[in-house]
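Please find below some points for a colleague who is coming to this structure for the first time.

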Amino acid sequence: MLENVNIILASASPRRTELLAQAGMNHKIIVSDCEEHAKAHAPEEYVMELAQIKAEDVFQKYYKEHLEEDFLVIGADTVVAAEGKILGKPKSDADAYEMLSMLQANTHQVYTGVAVCSCVGGEMKRHTFFERSDVEVYPMSEEEINTYISTGDCRDKAGSYGIQGQFAVHIKGIHGDYNNIVGLPIAKLYQELKKEF
């Protein structure tokens, strides 16, 4: 599967590249620079739409210069959903505080949308899917929230936290794929690629 296919990750996320490498998928990184605006309101549709925008942008650029090559582009987008709201990356510490206050002592959902755009054997394919995981957070005091924000770990993370960092001490439980929460449901991606290729 995919032995002679170049894999391109349309994301600058170090966590996503680590997960692909962990799965033995050698890849290049080409980051999409297109505007990310999704029209969808449901979190699962929202993340799939954004993943598709990123993957399509990188695919079109790469295809122009590599017409004879077999390749696929993986785009991904992750959001946290709580109390009916989609929580992206915080714009400020105050924004992070508001999000974490909403998450503490509650269960929220993490959605990652994945889009694969490929050109293999001259055949072009598009495939999009999503994964959902539920995350339960212990109650947190105001001081605990502020201490976590002061680490800076919340800044580039959907929902203002990274499960693989210092926030791990506040996680009461998860239901679903842990790697999905990190940013890429690598097992589901592998299974989807097996079906397609």
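1. Helices (H or I, at least four residues) and strands (E, at least two) are DSSP runs, numbered from the N terminus. With that naming, Tyr 190 has its place in helix α6, which covers residues 186–196. The model is a predicted one, in which local features need pLDDT of at least 70 and side-chain atom pairs count only at pLDDT 80 or more, while totals for chains, interfaces and linings use all residues. Residues are numbered from 1 along each chain as its sequence is written, and side-chain values use heavy atoms, with hydrogens and water left out.

2. Tyr 190 counts as partly exposed, at 35% relative accessibility, where buried means under 20% relative accessible area, exposed over 50% and partly exposed in between (1.4 Å probe, protein chains only). Along the chain Tyr 190 and Pro 90 are 100 residues apart, and their C-alpha atoms are separated by 30 Å. A second pair may be set beside this one: Ala 23 and Ile 186 are 163 residues apart in sequence and 7.4 Å apart in space, C-alpha to C-alpha. Ala 23 sits in the loop between α1 and β2 (28–29) and is partly exposed, with a relative accessible area of 40%.

3. On a 1 Å grid over the protein atoms alone, a cavity is a set of points where a 1.4 Å probe fits but cannot get out, whereas a pocket is an open set with protein on both sides within 12 Å along at least five of seven lines; lining residues have an atom within 4 Å of a point. Grid points are joined across faces, edges and corners, and a volume is the space filled by probe spheres set on the points.

4. The largest pocket has a volume of about 760 Å³. Its lining is made up of 38 residues, and those nearest its centre are Thr 78, Lys 89, Asp 156, Lys 157 and Ala 158. At least two lining residues come from each of α1 (14–22), α2 (43–65), β3 (71–82), β4 (85–87), α3 (93–103) and α5 (178–182). By class the lining has 18 nonpolar, eight polar and twelve charged residues, where Ala, Val, Leu, Ile, Met, Phe, Trp, Tyr, Cys and Pro count as nonpolar, Asp, Glu, Lys and Arg as charged, and the others, Gly among them, as polar.

5. In the second largest pocket there is about 170 Å³ of space. Eleven residues line this pocket, with Leu 2, Ile 7, Gly 24, Met 25 and Asn 26 nearest its centre, and the lining divides into seven nonpolar, three polar and one charged.

6. How many cavities of 30 Å³ or more are there? The count comes to one, and the largest cavity holds about 30 Å³ of space. The residues lining the largest cavity are Val 116, Ser 118, Lys 125, Arg 126, His 127, Glu 196 and Phe 197. Two or more of them come from β5 (107–120) and from β6 (123–137), and β6 gives the most, with three residues.

7. A nonpolar core is a set of buried Ala, Val, Leu, Ile, Met, Phe, Trp, Tyr and Cys residues joined through side-chain atoms within 4.5 Å. The largest nonpolar core has 40 residues, of which Ile 74, Tyr 161 and Leu 189 touch the most other members. A second, separate core of twelve residues includes Ile 8, Val 58, Phe 59 and Phe 71.

8. The structure holds six aromatic pairs, meaning rings of Phe, Tyr and Trp (its six-membered ring) with centres within 6.5 Å, where planes under 30 degrees apart count as stacked, over 60 as edge-to-face and the rest as tilted. Phe 59 and Tyr 63 form a stacked pair, at 5.8 Å centre to centre and 5° between the planes. Both residues lie in helix α2, four residues apart, about one turn of the helix. Phe 59 is buried, with a relative accessible area of 1%, whereas Tyr 63 is partly exposed at 25%. Ring pairs also link Phe 59, Tyr 62, Tyr 63 and Phe 71 into a cluster.

9. Finally, two backbone angles deserve a look. Glu 83, in the loop between β3 and β4, has a positive phi of about 50° although it is not a glycine, and Glu 83 is exposed, with a relative accessible area of 61%. Ala 105, in the loop between α3 and β5, has a positive phi near 65° and counts as partly exposed at 43% relative accessibility.
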